[in-house]
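Keep the coordinates open while reading. The text moves from chain folds to single side chains.

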Amino acid sequence: MNRKIVLPGDLVSTNPKLAGYGTFVENGKVYAKIMGLVDRSETSLRIIPLKGRYIPSNGDVVIGVVREIVSNGYNVDINSPYSAFLPSTEKPEIKGRRNSDIELDDAIIAKVVAIDPKMKVLLTMKDKICRIIRFGRIVAINPTRVPRVIGKKGSMIKLLKSELGIQTIVGQNGLIWLSGDRRKVDIAEEAIYIIEREAHTEGLTDRITEFIKKRKEEGLENE
Amino acid sequence: MSEDIQLIVDGKRLDGRDFNELRPIKIEAGILKRADGSCYIEMGKNKVVAAVYGPREVHPRHLQDPSKAVVRYRYNMAPFSVEERKRPGPDRRSVEISKVSREAFEPVIMKELFPRSGIDIFVEVLQADAGTRTACINAATVALVDAGIPMKGLITSVAVAKADGVLVLDPMKEEDNYGEADVPFAFLIRNGKIESIALLQMDGRLSAEELKKATQMAKEGAMKIYELQREAIMKKYSSEEIEEQVI
């Protein structure tokens, strides 16, 4: 699985049908447009970015902070070059519960529903995963590392949840919400930073399992 | 002008280099924590730091372009970078260098992918010898790659000068001050080949043949710098893998 690092402008293929994420086609040849690792398969070729900002796409779950309240909705900072907008009509209606209104500087979990060509991002909270965050902790990582924190078929995030018994939601924009026992959240936070640092290495899941076990034992000894 | 100092002695330059020899170059990528991408470069006595921020929201808002990103480039010399203290702040020279450098990068950066946003490039000359603009461009390219910004290729820059009637690659200060011409180049390099010229300036007097020869020399020099730029980025990103094996 030793993937090659390429730089912008490197020729990666001569078959334009393969061109995927992180590539561009010119004169029938496929070039890399970003620095990253080449992921080549029979039917596709893409560049896995090592650095870069979060660029929203439809259906992404993101964690954002409400920066401005306007008459018809909320302007939300989603840790991206673009600011997002949550219309009041897309706000969940929780009847009879206090604290269900969004206030300034609230963190929210929302879903991207639409992006227009001018990169105006539209959010919704009408989804069961979406909520206003009033407790827990938010950890920020490099957005390009998010797939690694989730793992193959969610293996990494399942590991964190099951080993530590905490709740987590990973935003595609690199913000991760953690909630549960404070000491366990501490361990999860450290584990996430390790994953971020070593995202492009192999055998990471095993090492994280070991790390969590070790930290849990240390925690018990201290009690 | 050129009479008062002899620049070429026995086929060697003042610092002992051949005509087509670059000054020693050191490049390091990703040195600034708060920037999205950064690079430190030494080309001879030049010391330059480049930082890239973005794509990010543009302020003030009226500069936003709804169809593509705006690229901003600031070349700045530190007051202590030159022999006689320079008054801080932009002057005519640095405004011009910022403009031509920005124009070198604009066609290479895939601006249309980031409507309404901005990409800011800051280069700071900490110590100046001749050819700071070329050093800055080389540093900015590495910083842009380090920031993960989509580009069509890399930009590599080098200057050629004419000193004592001979064309010399990568001039140093004396050759710039007392030589007959100074021609900075920047090339777009894609897949290890020079595709096109991104920047070309000339100050002084050259014949048409000499300019052609200068281009050829610059191309050869640029390829060497390109290899070093690649190496610097590769080193940054593969060294992480080595670190991991130790843990």
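Chain A contains four helices and 15 strands. The model is a predicted one. Along the principal axes, the C-alpha atoms of chain A occupy a box of roughly 60 × 55 × 25 Å. Chain A has 223 residues, and 48% of them count as buried.

Start with a sheet in chain A. Three strands make up an open sheet, ordered β2-β4-β3, with antiparallel pairing. Its edge strands are β2 (11-13) and β3 (23-26) of chain A, and each of them pairs on one side only. On average, neighbouring strands of this sheet are turned by 45° against each other, direction ignored. Look next at one pairing. Four bridges connect β3(A) with strand β4 (residues 29-32) of chain A, in the antiparallel sense. Across from A:Val25 stands A:Val30 in β4(A).

The aromatic residue A:Tyr31 brings in the other chain. B:Arg190 lies over the face of A:Tyr31, 4.6 Å from the ring centre.

Now take helix α2 (residues 155-164) of chain A. Which of its residues are buried? They are A:Met156, A:Ile157, A:Leu159, A:Leu160 and A:Leu164. These residues cover an arc of only 155° around the axis, so they sit on the same side of α2(A). An α-helix has 3.6 residues a turn, so residues three or four places apart point the same way. On the other side of α2(A), A:Lys158 and A:Ser162 are exposed. After α2(A) comes A:Gly165, with a positive phi near 60°.

Strand β4 (residues 37-43) of chain B has seven of its seven residues buried, so it is largely enclosed by the rest of the structure. B:Gly37, B:Cys39, B:Ile41 and B:Met43 point one way from β4(B). B:Ser38, B:Tyr40 and B:Glu42 point the other way, and all of these residues are buried.

What pairs with this strand? Strand β3 (residues 25-29) of chain B runs antiparallel to β4(B), joined to it by five bridges. There, B:Glu28 has B:Tyr40 in β4(B) as its bridge partner. Strand β5 (residues 46-57) of chain B also runs antiparallel to β4(B), with seven bridges between them. Here B:Ile41 has B:Val48 in β5(B) as its bridge partner. The hairpin of β4(B) and β5(B) has two residues between the strands, and in it B:Gly44 takes a positive phi near 65°.

Turn to the aromatic rings. A pair of aromatic rings is described by the distance of the centres and the angle of the planes. Over all chains, a search of the whole structure finds five aromatic pairs. In one of them, the ring centres of A:Phe135 and A:Trp177 are 5.9 Å apart and the planes stand at 65°, so the pair is edge-to-face. This pair links distant parts of the chain, 42 residues apart. A:Phe135 lies in the loop between β12 (131-133) and β13 (137-140) of chain A, and A:Trp177 lies in strand β15 (residues 175-179) of chain A. A:Trp177 counts as buried because its relative accessibility is 1%.

Chain B supplies another geometry. The rings of B:Tyr73 and B:Phe105 have centres 5.9 Å apart, but their planes are at 20°, so this pair is stacked. It too links distant parts of its chain: B:Tyr73 is in strand β6 (residues 70-77) of chain B, and B:Phe105 is in helix α1 (residues 92-105) of chain B, 32 residues apart. B:Tyr73 is buried, at a relative accessible area of 7%. B:Phe105 is buried as well, at 0%.

How many salt bridges does the structure hold over all chains? The total is 36. One of them joins B:Arg17 to B:Asp15, with the closest N and O atoms 2.9 Å apart. B:Arg17 counts as buried because its relative accessibility is 4%. B:Asp15 is partly exposed, at 37% relative accessible area. Both residues belong to a network of salt bridges that links B:Arg13, B:Asp15, B:Arg17 and B:Glu175.

Two further bridges are in chain B. B:Asp65 and B:Lys68 meet through their side chains at 3.1 Å, N to O. B:Lys68 is partly exposed, at 31% relative accessibility. B:Glu106 and B:Lys111 form a salt bridge at 4.0 Å, N to O. B:Glu106 is partly exposed at 23% relative accessibility, whereas B:Lys111 is buried, with a relative accessible area of 13%.

Methods: Residues numbered from 1 in each chain as written. Chains lettered and ligands numbered in written order. Predicted model: local features only at pLDDT ≥ 70, side-chain atom pairs only at ≥ 80, totals over all residues. Heavy atoms only, no water. Phe/Tyr/Trp six-rings, centres within 6.5 Å; stacked < 30°, edge-to-face > 60°. Buried < 20%, exposed > 50% of the residue type's maximum accessible area, 1.4 Å probe, protein only. Lys NZ or Arg CZ within 6 Å of the ring centre and 35° of its normal. Arc of directions from axis to C-beta. Pairing = 2+ DSSP bridges. Axes fitted to C-alpha atoms, helices over the stretch in contact; angles between N-to-C directions.
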